[in-house]
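Hi,

Here is the structure we talked about. Please open it alongside this message.

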Amino acid sequence: MKQRTGRIVAAMVGITLLGAGGGWWFVGRSGSTELEDWIRYYLQSSLQARLNPRVSFGKLDYRFPRTVTLSDVTLTSDAVPLISIKRIQLELGKVPRPHEPLVIERIELSSPAVRLVCNSTGELVGWSNLVRAAKNAVSSEPRAEMRLTDVLSIRQVTIHGGSLGYVPNDGGEEMTLGNIASRLDATGERHSTGWLAFSARLNREELADIALNGRINVNTGELAVEPLRVEASIDQARYHLFPPSFQKLLREHQVAGHMTLEVKGTIPLGDVGEREVHFVSDLSQLTFANAGRQIDVRQVRAQGDLTRERAEASLAGEILGGSIDAHIAQIPGESQTTEFSTTLRGLQLAQLAIFAPLSISRRLLDYQIEGRITGTGTGRIAGEQAALASLSASVGIEPFTFAVLDQAGACEHLKLTCDIRAASQVFELSTPRAVWNFRSSPIEGQDLNIRAESSPDGTKVRVNAKTLGGQLQASADSLPTNNQQMRVTARATGLRAEAISELAQAMHLLDPTIGAAGVVDGGLRGEWNIADWKSSDLTFDATLAQGRLRRAGDAVTVNSALFDGTLRDEQITLHARVAVEQAAIDASLRRTLAANQPVQISGKIETLSLSPVIAHFADGATRRLATARTFDARLNGDFRASIASRGEAFTLELDGKLEDAYWVFNGMRVPLDNTVLHLAASDRRMDINASMDALDGKVRVRASLDLLQDRPMRIDWDINGLRIEKAYALGRTAGSTPNRGRLSSSGTLAARLDRLPESLIGEGSVEVDHGKLIQSSILLSLASLVNPTALLASSDQDHGRLRFRVFPNHVAIDSFDVTGPSLAIRGEGRVYYDGRLDLLVRTSAQPALESTLGPVGSLLGSLGDRLVEIEVDGTLASPRSRIAPIDSGPQRRARFAADPGRPR
């Protein structure tokens with residue numbers, strides 16, 4: 001900034017020299033072309049001797065007696081126009097004569113344009129060496145030793161329609177401030193020494209008021225400012241006075257405020273490094289907005305001194321809700337050292353984030369960061385690249401809070417310290433207590449301390465904290481052979497499993513209905529590769545003690561849980577051994593990180609109780625079947641799983657055996673022995689095959705769930721030789737007379753799980769051999785109507801056959817046929833799921849009865865088979881039977897055949 005100030009002042013002097021350069025000319029006769037040629041030559045050679053940029057004129061016109069006009073004057077450096085003036089008019093103090101100095105009293109500049117053009121490095125082109133030293137005057141001209149005081153006697157300089165332009169180095173739009181007008185009045189002092197006193201005032205349509213008083217030595221090029229005062233105010237009503245690009249920036253940030261600046265000192269224009277300048281600037285009631293938030297600066301004062309030996313500045317003010325004191329000093333020399341120090345008191349952290357780049361600022365504001373900053377810092381910057389050579393800082397933020405979506409954090413006092421030296425750096429963060437509400441799950445931490453050290457010997461990181469109810473300690477040290485490789489160790493003791501599961505739930509890694517309790521210890525050790533963590537070599541372990549697992553209110557005690565694993569050769573392996581109540585699971589996991597390969601899991605299950613699993617699955621919610629479990633077993637087996645790296649597909653296979661398995665049906669607890677289970681599942685389909693021994697028979701069940709079909713669930717069964725009397729024995733009550741026989745059945749059921757019962761459909765058959773079926777309540781009711789003597793014939797040689805179809809609210813019986821020594825019963829109908837009956841039955845006497853009763857038995861058999869039809873309604877528990885009218889049977893059979901699925 002200080003260099004650019006010197007260059008701009010140099011530009012002002014250069015403009016003055018352009019007009020004053022006509023002092024070295026010779027005067028011929030009035031209107032002589034020869035005289036004008038000589039004036040042009042002398043002006044251009046004299047100015048070029050004192051300015052480094054290339055000077056060029058357009059037209060020169062001399063008007064007798066004392067007027068010289070120059071047009072299209074330009075100063076160019078490296079093909080970049082620095083100054084262009086449409087017209088310069090010089091008013092002379094006397095009529096020019098040959099071999100006499102030209103005295104210039106007034107200079108009038110029309111449409112001067114100054115352009116500040118930045119190169120690729122951000123430096124201004126041509127302004128650092130605008131003015132040459134006075135000794136470089138053109139020696140080949142007459143009186144080359146002539147001083148400017150011999151030709152300049154300036155009384156007034158006037159500027160009309162001036163402009164100042166700035167061209168950034170990023171290819172952005174040129175910004176121009178136009179319509180600048182000014183008047184400078186000068187008086188000669190100590191003429192023999194070359195000093196001229198001047199005063200000037202510039203007013204830009206009430207935007208800024210600039211007053212300049214000072215002196216300039218036209219012989220040595222030394223400028224003395226005594227002083228320069230600038231007073232400017234800006235608000236929305238003044239935005240239109242700026243270039244369009246500036247207007248957009250001002251409106252976007254809603255800038256408003258008031259500034260004053262006063263500069264005093266001397267500046268040698270030939271060597272600005274020899275300057276001695278003092279400045280004072282005040283900002284008050286400054287407001288601006290960034291990322292949707294307004295910032296108020298109540299008052300800030302900056303002051304400083306620029307000398308050959310030192311450049312320093314101080315800043316103090318009330319800003320960002322607090323106060324700041326800062327000091328910066330630059331010591332010229334080969335090292336180009338800059339020292340700085342600052343003190344912060346109560347600055348609002350949320351407002352400080354606004355000074356970050358816009359994209360970062362908006363993101364930080366979204367985090368709703370709050371807190372007040374208090375601290376101090378000192379440092380040093382050295383070298384042409386302005387590298388940080390040292391920094392010592394200590395900052396406290398209290399209280400510190402932030403919120404991101406449904407995450408929030410807070411700590412009573414956050415302390416940050418750093419100590420940077422040429423060969424080492426130390427960073428430390430500590431807080432006595434912090435709370436992190438991760439998606440509304442509070443996680444507390446105490447005595448958190450993170451310390452990082454870097455030196456030529458390597459990097460060290462140490463972490464100590466009390467969190468999740470326990471203690472966490474970790475360390476990392478870079479290896480001497482490779483600074484990207486860190487030797488790490490970490491140990492956690494006494495962590496609460498409840499807090500860990502809450503964190504996992506908040507991170508959507510665990511179902512919200514699943515939780516844990518207990519104490520967790522764990523550790524990690526090995527070598528961590530900073531550049532590529534997948535190629536690290538780590539070993540980790542964890543244990544869970546006094547544990548409990550819960551799902552939707554059900555809790556299971558964890559006797560022990562041990563985990564250990566490795567990350568090696570871009571592959572993660574994990575081994576888990578968990579004992580849950582009377583069950584145990586031993587599993588291994590393997591995942592290759594080098595490529596997109598599936599996760600492989602294998603393991604063994606021992607004596608896992610299926611009752612809670614079946615209960616939850618059957619209900620589809622969380623209600624537990626506590627009073628009468630329909631199924632229970634303990635599972636032993638092996639399983640294998642493959643899960644795609646992105647979770648898009650998986651497969652699971654389970655081969656197991658059920659022990660102590662049983663099924664409860666109608667109050668009967670049916671044991672299921674030698675049960676073998678095979679399960680195969682994927683992201684699209686699940687298949688279950690099971691076989692078992694039950695009631696001295698065999699049962700096979702096949703079930704599938706296909707997510708891509710209209711009826712994704714299908715169950716097929718095949719039952720052979722179940723003994724009915726054994727089932728009755730299991731559920732026998734006093735005075736009951738059990739049925740007998742061997743039962744076989746096969747069939748199919750299908751349905752959509754999300755559309756039950758309306759999607760239910762199926763069919764099947766049941767057959768009973770060597771049975772005692774007539775004694776059932778329904779058949780006894782039928783026998784009493786048709787053939788009471790059949791009740792006397794008790795036999796275990798009955799045979800029954802049934803074919804049925806399944807509908808959403810009932811079972812349609814296509815045909816049933818029960819035959820015994822004394823009676824035959826046939827029929828069809830419906831049995832509803834609420835127990836209602838709608839049956840049509842035909843009966844006939846059997847040969848054994850006919851042979852016993854003779855002709856009477858034959859006659860009864862003939863009448864029952866051909867004429868007697870019985871209607872059955874009521875319920876399964878209380879059936880009602882009556883002789884059907886003669887014409888009702890055909891009508892009912894026709895209705896069953898035409899519309900078997902519609903309920904009556």
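Below is what turned up, grouped by topic. Keep in mind that this is a predicted model.

**Arg215 and its partner**

Start with R215. This residue is part of strand 9, which covers residues 208-217. Its relative accessible area is 18%, so R215 counts as buried, the cut-off being under 20%. What does the side chain of R215 touch? It makes a polar contact with the side chain of E226, at 3.2 Å.

**Cis peptide bonds**

E226 comes up again here. The peptide bond from E226 to P227 is cis, and its omega is near -15°. P227 belongs to strand 10, residues 222-234.

Another cis bond runs from F64 to P65, with omega near 10°. P65 is in a loop, with strand 2 (60-63) and strand 3 (67-77) on either side.

**Positive phi values**

Two residues to look at are D78 and L320. D78 is not a glycine, yet its phi is positive, about 55°. L320 also has a positive phi, near 55°, and is a residue other than glycine.

Both are in loops. D78 is between strand 3 and strand 4 (80-92). L320 is between strand 14 (311-319) and strand 15 (322-331).

L320 has a relative accessible area of 2%, so it is buried, as the value is under 20%.

**Rings**

How many aromatic pairs does the structure hold? The count is 0. There is a charge over a ring, though. The charged end of R836 sits over the ring of Y832, 4.2 Å from the ring centre.

Now to strand pairing. Strand 32 (residues 631-643) pairs with strand 31 (residues 599-609) in the antiparallel sense, over 9 bridges. On that side, S602 has R640 of strand 32 as its bridge partner.

Strand 32 also pairs with strand 33 (residues 650-665). The sense is again antiparallel, over 12 bridges. Here N636 has its bridge partner in strand 33, namely K657.

Best wishes

Conventions:
Residues are numbered from 1 along each chain as its sequence is written. This is a predicted model: local features need pLDDT of at least 70, side-chain atom pairs count only at pLDDT 80 or more; totals for chains, interfaces and linings use all residues. Side-chain values use heavy atoms; hydrogens and water are left out. Helices (H or I, at least four residues) and strands (E, at least two) are DSSP runs, numbered from the N terminus. Buried means under 20% relative accessible area, exposed over 50%, partly exposed in between (1.4 Å probe, protein chains only). A polar contact is a pair of N or O atoms within 3.5 Å; within protein, one must be able to donate a hydrogen and the other to accept it, and residues adjacent in sequence count only if both atoms are side-chain atoms. Rings of Phe, Tyr and Trp (its six-membered ring) pair if their centres lie within 6.5 Å; planes under 30 degrees apart count as stacked, over 60 as edge-to-face and the rest as tilted. A charge sits over a ring if NZ of Lys or CZ of Arg is within 6 Å of the ring centre and within 35 degrees of the ring normal. Two strands pair if DSSP finds at least two bridges between them.
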